[in-house]
Amino acid sequence: MDVTRRGLLAAGLGAGVALGASACASPSTGGRPIPAPAPVRARAGAPNLLIVFSDDHRADHLGVTGAVPFLQTPVLDSLASDGVRFDNAYVTTALCSPSRATLLTGQYASRHGVQNNLSAWTPGTPSFFDSLAAAGYRCAYIGKWHMPGDLPDLPGVERFVTFTIEEGQGVYRDCPLIVDGVETPRPGTYVSTDLTDLALTWLDDGDDRPYCLVVAHKAVHHEFEPPDDLLGLYDDVEIDLPDEAFTYQTLLDRNVWEGTAGRLQTSYRRYCETLLGLDREIGRLAARDADNTVLIYTSDNGYSWGEHVLTGKRWAYDDNIKVPLIVRWPEGVVSPGTVIEEPVLNIDIAPTLLDIAEVPIPATMQGRSFAPLLRGDGVDWREDVFYEYFADFPYQVPPSQAVRTDRWLYVEYDRGLPPELYDTVSDPAQRANLIEDPAHAVTRQELSQRLAELRREFT
Amino acid sequence: MSAQSRGGIESPAKSAHGSATLHLIAPALISVATFLVIDIALARFVGRPWGPAYPMSMDALVLLRMGPLFFSGVIVWPAMRARGATRGQALLGIWATPIAFAIVSAWRAADFFPPLQAMYYATNPMVVGALGAQLSAAGAGALVWGMWRTRRWSWWATVAIVIGTVTTVVAVLWDGGQHLFYPWVLVYARIFG
């Protein structure tokens, strides 16, 4: 056979184009509105449920915490003072897709199956939408879905808006949307504003049923693009990086895949500006229906900004697993402005919504309603939380399981890597691994046993 | 005395051949060695702040590592060609450091992923970007070297610069490389999913 260089080149190009085309094909089916199975009238006085879900917003990045002196989040601060803020809210897997699935199902990733950003949502997976729609709620999901494969036709969801560009990550400007299964160009838009506009339009459509609306933002995920009027707002503030961090750590192999290559300080400034832009959009939603609406704000995971020389998420450290959680519920919160210390998880949000709506909580949900904590009821609460992480190519983060108590963080890794133990009280940044310290041998053993129990319970 | 090797003593002809080969590939070896030394130093010191100079030192190491990885072709190509290397040998020379990086990447990825997946990791966009950058750098080196020696413009070098630059931009510079990154991950999912 006569193989020429030109022939080889053509064959290579052809194969590349074919592979690329098949890889780039975006899911375009699904995401269609599915009305409630039968017209049911919701109980009188049923509260509206508004869940605002951001991306990569770490827990201490709220103005009200004072952790970052220059940071402004006036709307979220105001919501916290009108409602409650949880100081120990954790995610069960610090990653976009698993966290979204957990929010909707009240289940660990081990159970719902969306274990990483390459795992698809299984059609038919029960979510809180099913129960609420069956109870007479009208439901909508507007924003980042991010799970691969075809978009789902979620039972009970009458408006489904998302984006599939950049494999579901979306873009900040001119982000094309899929509105009820129909691709819709959105030229001239900023995505946080556009999603909020669509949410408000849906809320104002004259339907008098109680609603459950999830607004899932792209912000504040990279590429950290703030609205035009906020760009550069923090250019002159002093950035206090962790001791182990440095400006171009973003070029290290373990960080570069986050898409944050460049000066760490610059990315961080843009992150904070993008957060302020998001805060403003939350304010537009929060200004509507303040009375009989439960507003829950939280995020899919935290984010490392130099801690452990990391720029990203996935690890079991607090920067990654702690998220902001604010609930404004005028009818239910007895002591506005309260900071709740009990550890809650994102698996708790689904059962909490159903509890507040007085809808039965399915046994499939692994979380627990924190509505009693909102009301200030004395209640026995969990003392520790279980965390799990699964491999997510190409990120070089070992699969892990962890237990977090009010004092300790104990992490076990797969692949034979040694465990880690941190005293989060004396070492809040979790830098000093005490696993080999004989003084903590008993603690290590107890936590290892506890982790095994939690693993059996939740996976 | 015979020119053949006897009793473990290398023959002068073989020794001369070895020296010539070493002389030929020395520029590429120096680039690879520089990259590996910096890479190992980074792995050794990163995350262990020792004082005020730590951040600056780490930044310097990270940026220095980009030199042999992305840009050494500007020297390696003309140096190897001047030592008698064919175009194919010189091409292998300029890509030796990105290939070393790919091997190191796969080696490290094997701590986190099964062997075949770790091997796929070696095709990551940083490697592709480095291959492109080295091609572009080699083109620039060849152009300057050719102009200096013969006063003639090299269209081959110009084409190399363009192809190399486009590859690098698509792989790592354009929106942080995500336009190649996501398809690369999807191909992974197709293969290993």
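**Entry 1: strand β16 of chain A**

I began with strand β16 of chain A, residues 400-405, and asked how much of it is buried. I found that 5 of its 6 residues are buried, so the strand is largely enclosed by the rest of the structure. I note here that the model is a predicted one.

I then looked up the neighbours of this strand. Strand β15 of chain A, residues 384-389, runs antiparallel to β16(A), and 6 bridges join the two. In that pairing I noted A:Y389, whose bridge partner in β16(A) is A:S400. β16(A) also pairs with strand β17 of chain A, residues 408-413, in the antiparallel sense over 5 bridges. There A:V403 stands opposite A:Y410 of β17(A). I recorded β16(A) and β17(A) as a hairpin, with 2 residues between them.

**Entry 2: strand β9 of chain A**

Which strands pair with β9(A)? Strand β1 of chain A, residues 48-54, pairs with β9(A) in the parallel sense over 7 bridges. Within that pairing, A:F53 stands opposite A:T298. Strand β12 of chain A, residues 325-328, runs antiparallel to β9(A) and is joined to it by 4 bridges. Here I noted A:Y297 opposite A:I326 of β12(A).

**Entry 3: the domains of chain A**

I looked up how chain A is divided, and found domain 1 at 27-382 and domain 2 at 398-459. The C-alpha centres of these two domains of chain A lie 28 Å apart. In the contact between them, 9 residues of domain 1 meet 10 residues of domain 2.

**Entry 4: chain B as a whole**

How many helices and strands does chain B have? I recorded 8 helices and 0 strands. The C-alpha trace of chain B spans about 60 × 50 × 45 Å along its principal axes. Of the 193 residues in chain B, 40% are buried. Considering contacts in chain B between residues at least 6 apart in sequence, I found that 66% join residues at least 24 apart.

**Entry 5: helix α1 of chain B**

I followed helix α1 of chain B, residues 12-45, and found a bend of about 55° at B:A26. A proline, B:P27, follows within four residues. The buried residues of α1(B) are B:I25, B:P27, B:A28, B:S31, B:V32, B:F35 and B:I38. Their cover includes α2, α3 (73-82) and α4 of chain B. Just after α1(B), I noted that B:G47 takes a positive phi of about 80°.

**Entry 6: residue B:V76**

I selected B:V76, which is placed in helix α3 of chain B. Is this residue buried or exposed? B:V76 counts as buried because it has 30 C-beta neighbours inside 10 Å. Leaving out residues up to four places away in sequence, I found that B:V76 touches B:P27, B:A28, B:S31, B:G93 and B:I94. Of these, B:P27, B:A28 and B:S31 are among the buried residues of α1(B). I also noted that B:V76 and B:L91, 15 residues apart in sequence, are 9.2 Å apart from C-alpha to C-alpha.

**Entry 7: where chain B meets chain A**

I looked up the contact between the chains: 31 residues of chain B are in contact with 29 residues of chain A. On the chain B side, α2 (54-71), α4 (87-109), α5 (115-121) and α8 (178-192) each supply at least two residues. Helix α8(B) gives the most, with 10 residues. By class, this side of chain B has 19 nonpolar, 7 polar and 5 charged residues.

For A:I142 I listed the residues touched, among them A:R159, A:V161, A:L195 and A:V215, with residues up to four places away in sequence not counted.

Conventions. Residues numbered from 1 in each chain as written. Chains lettered and ligands numbered in written order. Predicted model: local features only at pLDDT ≥ 70, side-chain atom pairs only at ≥ 80, totals over all residues. Buried ≥ 20, exposed ≤ 12 C-beta atoms within 10 Å, placed from the backbone. Pairing = 2+ DSSP bridges. Domains from an automatic or database assignment. Contact = placed C-beta atoms within 7 Å. Nonpolar A, V, L, I, M, F, W, Y, C, P; charged D, E, K, R; others polar. Bend = angle between axes of the 7 residues up to and from the residue.
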